[in-house]
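The sequence and the structure come first.

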Amino acid sequence: MKTRADWVADADAVLARVRSLLAPYGIAPDERLRIVTDSNPMPGYIHEDRTIAFCPPVIERGADMLRWMFFMRCMGAKSLAEAEQFYTAALPVIVSHELSHHLRFSRGLATTSNFVEEQVCNRLGTAIADAIPEFHDAIGPF
């Protein structure tokens, strides 16, 4: 099983690949942008901290076991290994979606409607992941 550090390294690699995709268009995420793990089941972007946070399927403490016993059922996964497979496939979209929030907030484009903001970042995130062949092959066409 992967550790939290492994998951952050994988997410950082996704971010680096997305940075290289966006660079020719003159789009550069803030260099301070970082990725961290969190206990919240929903990935998120915290603009004030330039932080993308997500909760990988890792059990290192007692609370992790309780959390993932619940999350696995919500995901439809029968085991932590299935949850890990899902997160491995979804990580490019998770990072790209949260990066979309970062880009929109940084450019003053974010809307006050959380619903609209999420829908816009869903479309941007999937389009970004779909534009990178190694991610497209892992998660299929959108």
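## Surface

Accessible areas are computed with the Shrake-Rupley method and a 1.4 Å probe. The model is predicted. For this protein the accessible surface is about 7,900 Å², and carbon and sulfur atoms account for 59% of that area. Of the 142 residues, 40% count as buried.

## Fold and dimensions

The protein contains 5 helices and 3 strands. Along the sequence, these elements follow the order α-β-β-β-α-α-α-α.

A compact globule of 142 residues would have a radius of gyration near 14 Å, and the 15 Å of the protein agrees with this. Along the principal axes, the C-alpha atoms fill a box of roughly 45 × 30 × 25 Å. Among contacts between residues at least 6 apart in sequence, 55% join residues at least 24 apart.

## Charges

The side chains include 14 positive and 18 negative ones. The centres of the two sets lie 2 Å apart.

## Cysteines

How many disulfides does the structure hold? The count is 0. A disulfide requires two cysteine sulfur atoms within 2.5 Å. The closest cysteine sulfur to that of Cys55 belongs to Cys74 and is 12 Å away, so the pair is too far apart for a bond. Cys74 is accordingly in no disulfide, its nearest cysteine sulfur being that of Cys55.

Are Cys55 and Cys74 buried or exposed? Cys55 is buried, at a relative accessible area of 2%, whereas Cys74 counts as exposed, at 55% relative accessibility. The cut-offs behind these words are under 20% for buried and over 50% for exposed.

Definitions and conventions:
Residues are numbered from 1 along each chain as its sequence is written. This is a predicted model: local features need pLDDT of at least 70, side-chain atom pairs count only at pLDDT 80 or more; totals for chains, interfaces and linings use all residues. Side-chain values use heavy atoms; hydrogens and water are left out. Helices (H or I, at least four residues) and strands (E, at least two) are DSSP runs, numbered from the N terminus. The radius of gyration is taken over C-alpha atoms; the globule rule is 2.2 Å times the number of residues to the power 0.38. Buried means under 20% relative accessible area, exposed over 50%, partly exposed in between (1.4 Å probe, protein chains only). Contact means heavy atoms within 4.5 Å. Lys and Arg count as positive and Asp and Glu as negative; His and the chain ends are not counted. The place of a charge is taken as NZ of Lys, CZ of Arg, CG of Asp or CD of Glu.
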